[in-house]
Amino acid sequence: MPRAGLTPAVVTEEAARVSDEHGFAALSLAAVAKRLGVAVPSLYKHVHGLDGLRREVAIASAREFGDVLGRAAIGRSGADAVRSVAAAYRDWARAHPGRYAALNLAPDQNDEEAAKVFFTAVEVMVAIVRGFGIPEESVIDVIRTLRSALHGFVDLETRGGFGLPQSVDTSFAVLLDGLVKALKNWPKPMDGMVD
């Protein structure tokens, strides 16, 4: 008999906690079942196996991440928006490493629900980038640049890749200053185009 109160949302949230504590790659049905005090087969009433559980954690994480970035962007524009959203990005990723790892693979193109939820964070970035007057044809390139820079920093930081004694927070501020400068000076169409 399933534990009272066990729902897909409860299973997903517990799986997200397991991911944060042990890594998304280590997420298993057995670990979640143990934490919830049920047998593994009981989980199949709430998720479609391990792949389904991973998908649900990824969707819940993308929803939460998009909300966090959206709140950080509200009422801000330009450099202020970049700094606020980047700080929220970094803080959330450090607080939720397993959930963050779940976001680093694009959802299946045929999974419309997941694609829509994952795009929420992109929409926040699109609004920020457009605020800098970035040409429409460059928006996705700029967002990929921002994401790559933020992800690279956060990934190195969370994996212990910054071993020197200088302040990591200062280094993050330098990164953001560079990103803001790049956004303000992003080449316009035909600028810097080489045949």
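Predicted model: local features only at pLDDT ≥ 70, side-chain atom pairs only at ≥ 80, totals over all residues.
What is the volume of the second largest pocket? About 220 Å³.

Residues are numbered from 1 along each chain as its sequence is written, and side-chain values use heavy atoms, with hydrogens and water left out.

Start with the fold. The protein chain has nine helices and zero strands. Helices here are DSSP runs of H or I with at least four residues, strands are runs of E with at least two, and numbering starts at the N terminus. Along the principal axes, the C-alpha atoms fill a box of roughly 65 × 45 × 35 Å. Of the 195 residues, 41% are buried. Buried means under 20% relative accessible area, exposed means over 50%, and partly exposed is in between, with a 1.4 Å probe and protein chains only. Take contacts between residues at least 6 apart in sequence: 65% of them join residues at least 24 apart. A contact is heavy atoms within 4.5 Å.

Now helix 1. It covers residues 8-22. Its 15 residues should span 21 Å at 1.5 Å a residue, and the end C-alpha atoms are 21 Å apart, so the two agree. The expected span is 1.5 Å times one less than the number of residues. The buried residues of helix 1 are Val11, Thr12, Glu14, Ala15, Ala16, Val18, Ser19 and Asp20. They pack against helix 2 (29-36), helix 3 (40-43), helix 4, helix 5 and helix 6 (97-102). Pick out Ser19. Its relative accessibility is 1%, so Ser19 counts as buried. Beyond neighbours within four places in sequence, Ser19 contacts Phe24, Leu27, Val57, Gly98 and Arg99. After helix 1 comes Gly23, with a positive phi near 100°.

A quick stop at helix 6. Ala101 is found there. At 33% relative accessibility, Ala101 counts as partly exposed. Ala101 and Val40 are 61 residues apart along the chain, and their C-alpha atoms are separated by 24 Å.

Next, helix 9, residues 168-184. It has 17 residues and reaches 24 Å from first C-alpha to last, close to the 24 Å expected. Which of its residues are buried? Phe172, Leu176, Leu179, Val180 and Leu183. Seen down the axis of helix 9, these fall within an arc of 100°, so they line one face. The arc is taken from the directions between the helix axis and the C-beta atoms. The buried residues of helix 9 pack against helix 5 and helix 8. The face turned away from the buried side carries exposed Val174 and Lys181.

We use a 1 Å grid over the protein atoms alone: a cavity is a set of points where a 1.4 Å probe fits but cannot get out, a pocket is an open set with protein on both sides within 12 Å along at least five of seven lines, and lining residues have an atom within 4 Å of a point. Points are joined across faces, edges and corners, and a volume is the space filled by probe spheres set on them.

Cavities: there is one of 30 Å³ or more. The largest cavity has a volume of about 50 Å³. Val82, Val85, Ala86, Met125, Ile128, Leu146, Leu150 and Leu179 line it. Helix 5 (78-95) gives the most, with three residues. By class, the lining is eight nonpolar, no polar and no charged. Nonpolar means Ala, Val, Leu, Ile, Met, Phe, Trp, Tyr, Cys and Pro; charged means Asp, Glu, Lys and Arg; the others, Gly among them, are polar.

The largest pocket holds about 580 Å³ of space. It has 22 lining residues, and Phe118, Ala121, Val122, Ile143 and Arg147 lie nearest its centre. Helix 4 (49-73), helix 7 and helix 8 each supply at least two. The classes are 18 nonpolar, two polar and two charged.

Back to the second largest pocket, about 220 Å³. Of its 14 lining residues, Arg55, Ala58, Ala106, Pro107 and Asp108 are the closest to its centre. Helix 4 gives the most to this lining, with five residues. Its classes are nine nonpolar, no polar and five charged.
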